[in-house]
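Hi there,

Here is the structure I promised to pass on. My notes follow below it.

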Amino acid sequence: MSISLQIYHHLPSWARNLAASVHGHKLRRWRYDARTEKLVEEILERDCWSEKQWNEWREEHLSFLLHRAATKVPFYRDAWARRRRNGDKASWEYLENWEVLEKKSLRENPRAFVADDCRISKMYHSHTSGTTGTSLDLWLTRETVREWYAMFEARWRYWYGVSRRDRWAILGGQLVTPVKQNKPPFWVWNSGLNQLYMSSYHLSPDLIDHYFEALKKYRVQYLWGYSSALYSLAKEVAGQKRSDIRLKAIITNAEPLLSHQRETIEAGFNCPVRETYGMAEMVAAASECDHRRLHQWPDAGIIEALASRERADGFGDFICTGLVNADMPLIRYRVGDCGTLSEEACGCGKKLPVIEKIEGRSDDVLYTTDGRQIGRLDPVFKNDLPIAEAQIIQKSLEQILVRYVPAHNFNDRTTDVLTERIRDRMGEVRVNFEEVSEIPRTNNGKFRAVICKLSAEERALSHEGKRRKKMAP
């Protein structure tokens with residue numbers, strides 16, 4: 001745990017709210033300005049464009065992007081120079097001539113993807129581990145950030161009858177309160193974004209009533225978060241047959257939304273549930289319409305479903321080219337998900353193309369001795385830890401194994417930090433480490449970042465611990 005996070009966790013709740021709000025106001029200045037509403041209107045107008053209009057728009061923007069990347073971005077300029085020296089006469093003006101970009105190249109030298117005429121010190125720095133346990137550094141100009149969040153506002157809010165001005169709550173992976181804390185609040189209020197950030201690490205039955213009271217106290221109008229965390233919350237709402245939590249919509253992100261989760265969430269909160277798709281690299285995004293179909297954002301990026309000989313089910317690797325961030329362009333970037341695209345028009349009336357199916361990384365849920373379920377652990381890999389790849393495996397309720405591929409400067413301090421971060425989320429578990437040359441892949445060439453190997457009996461023990469804790473005086 002970083003020093004700043006340790007200090008934050010020792011602050012009283014009002015001071016945590018203040019710290020979150022200060023950060024929120026800073027983010028709001030980056031994300032929105034006087035032009036935001038105009039941008040949103042333009043994006044919504046494009047939702048009804050014809051295929052011809054989209055083709056013309058994307059051809060113009062893609063031409064600019066490829067020219068800028070090949071001439072102004074060191075990584076691509078050097079790559080094309082090598083190809084020329086080897087006698088390759090292919091033109092970089094055509095997307096299909098570009099080589100597939102792997103995460104490893106981006107991770108090893110991220111600054112090489114920033115255009116020569118950009119000053120990194122003036123750009124927004126986004127640091128994310130994604131869902132693979134690998135660290136990524138990304139840079140965006142203020143204009144790029146605002147265009148991206150205008151798309152969010154149009155297609156992740158306006159579509160669902162809400163806006164950024166409404167009070168909303170998010171269930172995410174940030175440690176807004178220490179996991180060891182057993183009394184509310186398990187959240188912070190961020191006035192800069194009208195956001196109640198709720199811990200996804202305290203969703204045990206004996207504490208969930210506090211979450212419901214917070215939703216009412218802060219007059220939250222919609223929920224946003226991990227599918228697994230929203231599902232845990234909804235199960236308790238349904239079990240208690242509560243009708244006092246009234247929301248306009250629930251928006252899921254970062255994890256696949258399974259059919260049983262959707263049914264439970266919709267029944268528990270009695271409002272629409274909409275699935276979304278996107279990633280920090282900003283190379284593709286999609287949002288679900290009223291007909292429950294995922295519509296691509298053609299102005300965000302181009303998605304290719306690259307067929308694989310190893311698969312006979314029609315699924316292809318998603319190879320994406322972002323159209324928003326021309327200052328750190330990612331071209332034909334393998335995002336790590338796979339799926340199928342559809343050419344069939346949607347009955348909702350929107351002209352945006354459809355993603356038929358996505359087979360993303362559905363990380364396992366891990367279990368704690370006190371009955372909590374931890375649905376996502378990728379935040380433990382953030383902040384530039386010298387790890388090339390990592391995988392978390394739950395061997396028992398008390399034991400976690402971390403397989404890792406060390407990067408340069410890996411040392412004992414790295415394992416100490418990881419141990420502390422895992423225990424911050426799962427309690428006093430034993431954390432063992434296994435150095436490997438590579439993380440084992442599944443049949444489709446990907447690896448699971450989180451694996452639960454608990455037997456049915458051990459999962460029942462976790463549930464029993466939850467029941468005992470709920471019955472305790």
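A residue is called buried under 20% relative accessible area, exposed over 50% and partly exposed in between, using a 1.4 Å probe and protein chains only. Because Gln261 has 9% relative accessibility, it counts as buried.

Before going on, a word on the source: this is a predicted model, where local features need pLDDT of at least 70 and side-chain atom pairs count only at pLDDT 80 or more, while totals for chains, interfaces and linings use all residues. Numbering starts from 1 along each chain as its sequence is written, and side-chain values use heavy atoms, with hydrogens and water left out.

Gln261 sits in helix H10, residues 259–269 (helices are DSSP runs of H or I, at least four residues, numbered from the N terminus). Leaving aside residues up to four places away in sequence, Gln261 touches Ser227, Ser228, Tyr231 and Pro256 (contact means heavy atoms within 4.5 Å).

Now the cores. A nonpolar core is a set of buried Ala, Val, Leu, Ile, Met, Phe, Trp, Tyr and Cys residues joined through side-chain atoms within 4.5 Å. The largest has 76 residues, and those with the most contacts inside it include Tyr76, Trp98 and Ile331. Helix H7 gives the most to this core, with eight residues. Ile331 touches, among others, Leu65, Tyr76, Trp98 and Cys320, not counting residues up to four places away in sequence. There is also a second, separate core of 32 residues, with Leu203, Ala214, Leu233 and Ile265 among them.

Best wishes

Note on methods
Helix = DSSP H or I, 4+ residues; strand = E, 2+ residues; numbered from the N terminus.
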